[in-house]
Amino acid sequence: MANQFGDKIRQLREANNLLQRQVASKLEIDTPMLSKIERGDRKAKKEQVLIFAKLFNTEKRLLLTLWLADQVYDLVKNEENAADALKVAENQFKYDTKR
C-alpha cells in the first residue's frame with residue numbers, strides 16, 4: 001500500500017507534539033487504527049482526512065491529494081500498463097476540465 005498520506009499524518013502529529021491517542025480521540029477511532037493509518041496498513045476515510053486537516057491546521061487540498069494519490073497507486077500498482085493508463089486518464093481529466 002502506498003503511504004504518502006500516512007507518512008504526512010505522522011509528521012504533522014509529531015510536529016504538533018501530539019500522541020497517537022490524542023489524535024485518535026479527535027477522529028473517534030482507537031489508537032491502533034490511527035497507527036495502521038500512519039503505517040499505511042489501513043486507509044483513512046475522506047471525512048477523516050478533513051478532520052486531520054483541521055486538527056493540524058494544514059491545507060485540506062494537500063492531504064486530500066496525498067490520500068487520493070495513495071488510493072490511485074494502490075489500484076494500479078500491479079498493472080503492466082499502469083503508467084500508460086495514468087497518462088490516458090490524466091489527458092481525459094484535462095479534457096473534461098476544459099469544458
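Trainee: Which residues form one aromatic cluster?
Mentor: Phe5, Phe52 and Phe56 do. One caution first. This is a predicted model, where local features need pLDDT of at least 70, side-chain atom pairs count only at pLDDT 80 or more, and totals for chains, interfaces and linings use all residues. Residues are numbered from 1 along each chain as its sequence is written, and side-chain values use heavy atoms, with hydrogens and water left out.

Trainee: How many aromatic pairs does the structure hold?
Mentor: Two. Rings of Phe, Tyr and Trp (its six-membered ring) pair if their centres lie within 6.5 Å; planes under 30 degrees apart are stacked, over 60 edge-to-face, and the rest tilted.

Trainee: Why is the pair of Phe5 and Phe52 edge-to-face?
Mentor: Their ring planes stand at 70 degrees, with centres 5.8 Å apart, so the pair is edge-to-face. This pair links distant parts of the chain. Phe5 sits in helix H1 and Phe52 in helix H4, 47 residues apart. Helices here are DSSP runs (H or I, at least four residues), strands are E runs of at least two, and both are numbered from the N terminus.

Trainee: And why is the pair of Phe52 and Phe56 stacked?
Mentor: The planes are at 10 degrees and the centres 6.1 Å apart, so that pair is stacked.

Trainee: Are Phe52 and Phe56 buried or exposed?
Mentor: Both are buried. Buried means under 20% relative accessible area, exposed over 50%, partly exposed in between (1.4 Å probe, protein chains only). Phe52 has a relative accessible area of 0%. Phe5 is buried too, at 3%.

Trainee: What is Phe52 in contact with?
Mentor: Leaving aside neighbours within four places in sequence, Phe52 contacts Phe5, Ile9, Val23, Leu27, Leu34, Ala44 and Leu63. Contact means heavy atoms within 4.5 Å.

Trainee: How many residues has the largest nonpolar core?
Mentor: It has 17. Phe5, Leu34, Ala44, Phe52 and Leu63 have the most contacts inside it. Helices H1 (4-15), H2 (20-27), H3 (31-39), H4 (46-55) and H5 each supply at least two of its residues. A nonpolar core is a set of buried Ala, Val, Leu, Ile, Met, Phe, Trp, Tyr and Cys residues joined through side-chain atoms within 4.5 Å.

Trainee: Back up to the fold. How many helices and strands are there?
Mentor: Six helices and zero strands. Of the 99 residues, 29% count as buried. The C-alpha trace spans about 40 × 30 × 20 Å along its principal axes.

Trainee: What about Lys98, buried or exposed?
Mentor: Lys98 counts as exposed, at 72% relative accessibility. Its place is in helix H6 (residues 82-98). Its C-alpha atom is 43 Å from that of Thr31, 67 residues away along the chain.

Trainee: Last topic. Which helix gives the most to the lining of the largest pocket?
Mentor: Helix H5 (residues 60-76), with eight residues. Among the lining residues are Arg61, Trp67 and Leu86. By class, the lining has seven nonpolar, one polar and one charged. Ala, Val, Leu, Ile, Met, Phe, Trp, Tyr, Cys and Pro count as nonpolar, Asp, Glu, Lys and Arg as charged, and the others, Gly among them, as polar.

Trainee: How is a pocket defined?
Mentor: On a 1 Å grid over the protein atoms alone, a 1.4 Å probe is used; a pocket is an open set of points where it fits, with protein on both sides within 12 Å along at least five of seven lines, and lining residues have an atom within 4 Å of a point.
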